[in-house]
Amino acid sequence: MERSEKFLLINSYEDARILKALSSEIRINILNLLTTETLNVNQIAERLKLPQSTVATNIAILEKAGLIETEIVNGKKGNQKLCRTRYEEIMVQFITEKKPEEDNTIEVEMPIGLYTNFHVTPPCGLCSSESIIGYLDVPDSFLLPERAKAALLWFETGWVEYQFPNNSLYRKEPLQSLEVSMELSSEIPGTNKQWPSDITVWINNEEIGTWECPGDFGDKRGKYTPEWWKLEGSQYGLLKNWSITESGAYIDGVKVSDITLSDLDISKHHSIRVKVGVKEEASHPGGVNIFGRGFGNYDQGVVLRLYFKNSRG
């Protein structure tokens, strides 16, 4: 049984069974043992000084959760079950449950193919949930009208820009914060969990902040990724949120710059332009995948939310 280094991303809402399997000191100790070697049930019981029945029960839980793999082989005294871990790294992604939209919030979702401008470098491409759009690694394919159906797009360096209506112009309440949400990963031919990329977001040409994406994820098929898409390709990303208030700019609640709403001059524009990309001079120019509806783990495009101060202050 060959050991291969793999990475597992756990969604805190959708993978409760895996989290439950990890909520035992005995099972954690078993996983720790199996990170360096393949062992049978008797060997694990001996190392941990536990009854064989206890180890067997916990091995079954780990196997059912998909955290280990087992194999029945011939031993000196009959068959034995060999166990090994499937993953050497496990990351838990805590997702804030989406709150019902309130009167003080306006949300607009833009399909990822409805960008209004772009500049990309290969490797690059687009696909719908049914097929590839145009030609791979040909930037001019980003001009095709079929791009409106895009569910996944990717490029190495450059950017795509989306133009949203500025609905704040039609509200009496002052704008309190602005948020951009999208599912992203790095981009490399194939996939590589350890392929960092510096992904930047601009709003109205103001640089909001850069997120260092850890990699291009392909350990398992994305929840919405279609079956025709090969497993060797990017499967899903991480849902990231850039937000701007009068106190600064944030990525997932962590302050990344002193850019404020006042710097964006929102009231002076009839649209809000959101640009996402990777700079050529980035420390980690590892490309970007943008996932839309029909691909990845989050069935959404690029989402812009405007939050207003309520009438009660």
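Contact here means heavy atoms within 4.5 Å. This is a predicted model, where local features need pLDDT of at least 70, side-chain atom pairs count only at pLDDT 80 or more, and totals for chains, interfaces and linings use all residues. Residues are numbered from 1 along each chain as its sequence is written, and side-chain values use heavy atoms, with hydrogens and water left out.

**View 1. Val160 and its contacts.** Leaving out residues up to four places away in sequence, Val160 touches Tyr115, Asn117, Phe118, Val120, Phe142, Phe155, Val274, Lys275, Val276 and Ile290.

**View 2. The largest nonpolar core.** A nonpolar core is a set of buried Ala, Val, Leu, Ile, Met, Phe, Trp, Tyr and Cys residues joined through side-chain atoms within 4.5 Å. Buried means under 20% relative accessible area, exposed over 50%, and partly exposed in between (1.4 Å probe, protein chains only). The largest core has 51 residues, and Val160, Tyr162, Leu178 and Ile203 touch the most other members. Its largest share, 5 residues, comes from strand β12 (residues 175-185); strands (E, at least two residues) and helices (H or I, at least four) are DSSP runs, numbered from the N terminus. There's also a second, separate core of 21 residues, with Ile10, Leu31, Leu33 and Ile59 among them.

View 3. Beyond four places in sequence, its contacts include Trp195, Pro196, Cys213, Asp216, Gly286 and Asn289.

**View 4. Glu69 and Arg84.** These two side chains meet in a salt bridge, 2.4 Å from N to O; the rule asks for a side-chain nitrogen of Lys or Arg within 4 Å of a carboxyl oxygen of Asp or Glu. Glu69 sits in strand β3 (residues 68-75) and Arg84 in strand β4 (residues 78-85), so the pair ties together parts that are 15 residues apart in sequence. Glu69 is partly exposed at 25% relative accessibility, while Arg84 is buried at 11%.

**View 5. Asp252 and Lys240.** Here's another salt bridge, with the closest N and O atoms 2.4 Å apart. Asp252 lies in the loop between β16 (248-251) and β17 (254-257), and Lys240 in strand β15 (residues 238-245), 12 residues apart. Asp252 is partly exposed, with 38% relative accessible area, whereas Lys240 is buried at 11%.

**View 6. Asp258 and Lys255.** This salt bridge spans 3.3 Å, N to O. Asp258 is exposed at 62% relative accessibility, and Lys255 is partly exposed at 43%.
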